[in-house]
Amino acid sequence: EIDTLCRSASFSPCDGQSLLMCADNQAFRVGVPDGKILATYGRPGRGPMEYTGVGTLDRMEGEVFITDYQVGKELVFDLDGKPLRSLELERLVMQGPVAPGKFFRGYPNGHKKGCLYEIVDEAGTVYRTSRIPPVEAKNPIIQLNGCVTIDGRYVISPQLSYDFYTVTETEERLWIHVHTGQYAQPLEVLWDLQLKGLEGDRYISREDFRVTVSGGLAFVRYFMGGLHEVIYDLKTGRILFNIKITNLEDPILGLPVEHGGKTWYVWPVYSDEHFLICSDLNEEHFWLFTKE
């Protein structure tokens, strides 16, 4: 089953009948597949239980958590949108639940903590510190580190890294390593804008590297002299699909989907045990597939 969704949206799991969604800097819970808004969580602003931006949007049991990393706070609502409490955070810190009463607290590259993240309780008590070495920050661009849900797992891909780690309250494990070989972007190329302009197309960009996992397949999108879209079989490592897009006139711009009498070229941007969401190349239109 396929339905067209709104523009410029991001998604987070809720249950088998609804999804958490951020669109136009507003957080909602929407029914699936009808798209009916079931709850609204706060609103943009600088007042109590308001946010300047939705940095993270997560659910744990009967509560919904929104991090506003620009101000430095986390807002908590019940599933129906009732405000419950506000937690104070340091600016540029990303926080979200990974277990009942336990939170992933991610620090930007170059933070004084010297680690990617900590597992804390709501009061800030530290239970575990990440052993993943952060990339040394050498430019003024802030690199945030957050935990996302991929294929039902809590996952961190450290900023400027090609690796993906699963995260629980007790451990972290390398989950996906993409072997980039000679195409790994040297950090000196990343930091030097002149060198980046001259040699950037020779390497896989560390800043534009995304992976979505669904049904044993990894959908990898990256930039190296153009936009590459590659599908890997996670068990065998085999490449099942591989294209390079250099302009909008290319004959193939993703995976073809027939809808409304037109062929759309789409690419997965979200997946869980219930749903798969794809977007077009410009992420202006989204389609939701229900998994049977």
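Modeller: A polar contact is a pair of N or O atoms within 3.5 Å; within protein, one atom must be able to donate a hydrogen and the other to accept it, and residues adjacent in sequence count only if both atoms are side-chain atoms. Here, the side chains of Gln26 and Tyr51 are joined by a polar contact of 2.9 Å. This is a predicted model, in which local features need pLDDT of at least 70 and side-chain atom pairs count only at pLDDT 80 or more, while totals for chains, interfaces and linings use all residues. Residues are numbered from 1 along each chain as its sequence is written, and side-chain values use heavy atoms, with hydrogens and water left out.

Colleague: Where is Gln26 found, and which residues does Gln26 touch?

Modeller: Helices (H or I, at least four residues) and strands (E, at least two) are DSSP runs, numbered from the N terminus. Gln26 is found in strand β4. Contact means heavy atoms within 4.5 Å. Not counting residues up to four places away in sequence, Gln26 touches Met21, Thr40, Tyr41, Gly42, Arg43, Pro44 and Tyr51.

Colleague: Does Gln26 count as buried or exposed?

Modeller: The classes are buried (under 20% relative accessible area), exposed (over 50%) and partly exposed in between, with a 1.4 Å probe and protein chains only. Gln26 counts as buried because its relative accessibility is 14%.

Colleague: How many helices and strands are there in the protein chain, and why is it as compact as a globular protein of that length?

Modeller: The protein chain has 2 helices and 27 strands. Its radius of gyration is 19 Å, close to the 19 Å that the globule rule gives for 292 residues, so the protein chain is as compact as a globular protein of that length. The radius is taken over C-alpha atoms, and the rule is 2.2 Å times the number of residues to the power 0.38. Along the principal axes, the C-alpha atoms fill a box of roughly 50 × 50 × 35 Å. Of the 292 residues, 49% count as buried. Among contacts between residues at least 6 apart in sequence, 35% join residues at least 24 apart.

Colleague: How far apart are the mean positions of the positive and negative charges?

Modeller: Lys and Arg count as positive and Asp and Glu as negative, with His and the chain ends not counted. Each charge is placed at NZ of Lys, CZ of Arg, CG of Asp or CD of Glu. In the protein chain, the mean positions of the 29 positive and 41 negative charges are 4 Å apart.

Colleague: What is phi in Met49 and in Glu61?

Modeller: Met49, a residue other than glycine, has a positive phi near 60 degrees. Its place is in the loop between β6 (43-44) and β7 (50-51). Met49 is buried because its relative accessible area is 17%. Glu61 is not a glycine, yet has a positive phi of about 55 degrees. Glu61 is found in the loop between β8 (56-60) and β9 (63-68), and counts as exposed at 54% relative accessibility.

Colleague: Which residues does Phe65 contact?

Modeller: Phe65 has its place in strand β9 and counts as buried at 2% relative accessibility. Leaving aside neighbours within four places in sequence, Phe65 is in contact with several residues, including Thr56, Leu57, Val76, Pro97 and Phe103.
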